[in-house]
Amino acid sequence: MKFSYLAHEHLVRCLVHRSCIAQLSAEYYSPSNAGRGFESGEENTMSKTVGVTLGAAGLYMGLVIGLMVFCRMRRARKKARLLAEATAEVAKSENGTLPNDTEMNPIVTKPLKDGSTTRSDNEAPSHSSGSHYSKKSRSSYDKAHFPRQELQTMMLLGHGDYGEVFLAKAKGIVDPDTEIIVMVKALQTRDENAHFEFKREMDMLNKLRHENITKLYGICRETEPFLFITEYSDWGDLKQFLLATRRDNTRKGPKPPPLNVPQILGVCHQIASGMEYLANQRFTHKDLATRNCLVTSRLNIKISFPSLSRDTYADEYFLYRNRTLPLRWAPAEAILEDEWSTKSDVWSFAVVACELFTQAELPFSEHSNETVLRLLNSSELRWKPPAGAPSALCSLLLTCWSISARDRPTFTDVVHKLGQVTVDSHL
């Protein structure tokens, strides 16, 4: 009986103990508290992992950007040094001879089978552009042929839509005993439009003969890449010259003084004269800008066609509808509708005049390319004549920027009106 009582008491105590444990467990547990301890640890681990990952990614991006900036600055310094050396050699070549201490790598070529010899620039007659495949066109190209093994590369100027543009020494391209510095454009793309434009430029330069348009010296077509060779100047392109005249210019080499108003008017007149001749020959430039004009130490201007849109002047071009366009130098009908004409070149000429007065400042530098495109599309892009320009020139520039192409003057009108602009009227 005593054993039965003790067993019963022990059983009661066990039940009470289990009931208390169950009650306490029920009070502590809830669905919101389930796994809280595990989640807290996982969140801390995840936060640390994300932080370390983001930190490493930020450090990597910083290193990559820093390396890119360093390489770009290094290339720019090297290019400026090489360009200064090249222009110095051009200046020496104009005086008679070229130094022989410059290291150069000859262009790899195949020997010619036709035994062609070099030609004088005066041997190539002017022909009508006509059909690209006419007998006259082929004949003129044969006379313009120059053996590429006589070219010795000096330095790369940059890349355009066709391919590389570089400086080279050419012996015998003008006369048999003279070596001069030339600019060479290479056709290194399979794009059909690029081939057409390359051919158009060759046809144009092969026909043109004007003191303010760069001369075509020769063509290399016996093997790829095709090359056409034009003259170069001792001071390079006009934009680099204008940048060198700035007070804040830190580039090495000669620093010419800024152009005064009479000199700027003279440069404008030369460019307008060259463009008048181009228009009379029924050619359109499509990319008139200071970057595409050459200047000599005597301030003689040569309209050229480097169009270094891929690297050197990439910031001055805009990719729109698969076309690389000089957005800030062209009117709306050219950009939006692909309608290029002499009147669109007139618009570009007015922008060049602004570049001359502002020492090659980027037009509408306060706006992004997208904003400039939107303002062009809505006819809200408003040009203002540059400060310091004579009032007669300001009036002329405003007519050049007329929204309607019909309201813009011809280059003959521009040349005539520029001749009437005087410094006295400005004073």
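Where helix H6 meets helix H11, Cys268, His269, Ala272, Ser273, Met275, Glu276 and Ala279 of H6 are in contact with Phe411, Thr412, Val414, Val415, Leu418 and Gly419 of H11, contact meaning heavy atoms within 4.5 Å. The residues of this contact comprise eight nonpolar, four polar and one charged, where Ala, Val, Leu, Ile, Met, Phe, Trp, Tyr, Cys and Pro count as nonpolar, Asp, Glu, Lys and Arg as charged, and the others, Gly among them, as polar. This is a predicted model, in which local features need pLDDT of at least 70 and side-chain atom pairs count only at pLDDT 80 or more, while totals for chains, interfaces and linings use all residues. Residues are numbered from 1 along each chain as its sequence is written, and side-chain values use heavy atoms, with hydrogens and water left out.

The axes of H6 (residues 261-280) and H11 (residues 411-420) come within 8 Å and cross at roughly 155°, the axes being lines fitted to C-alpha atoms over the stretch in contact, with angles from 0 to 180 degrees between N-to-C directions. The two helices are therefore roughly antiparallel to each other, a term for angles over 145 degrees.

Helix H4 (residues 192-207) has 16 residues and reaches 23 Å from its first C-alpha to its last, close to the 22 Å expected at 1.5 Å a residue. Twelve of the 16 residues of H4 are buried, so this helix is largely enclosed by the rest of the structure; buried means under 20% relative accessible area with a 1.4 Å probe, protein chains only. Among them are Ala194, Phe198 and Leu205.

In the protein, buried residues make up 43% of the 427 residues.

Notes. Helices (H or I, at least four residues) and strands (E, at least two) are DSSP runs, numbered from the N terminus. Angles under 35 degrees count as roughly parallel, over 145 as roughly antiparallel, 65 to 115 as roughly perpendicular and the rest as oblique. The expected span of a helix is 1.5 Å times one less than its number of residues. Buried means under 20% relative accessible area, exposed over 50%, partly exposed in between (1.4 Å probe, protein chains only).
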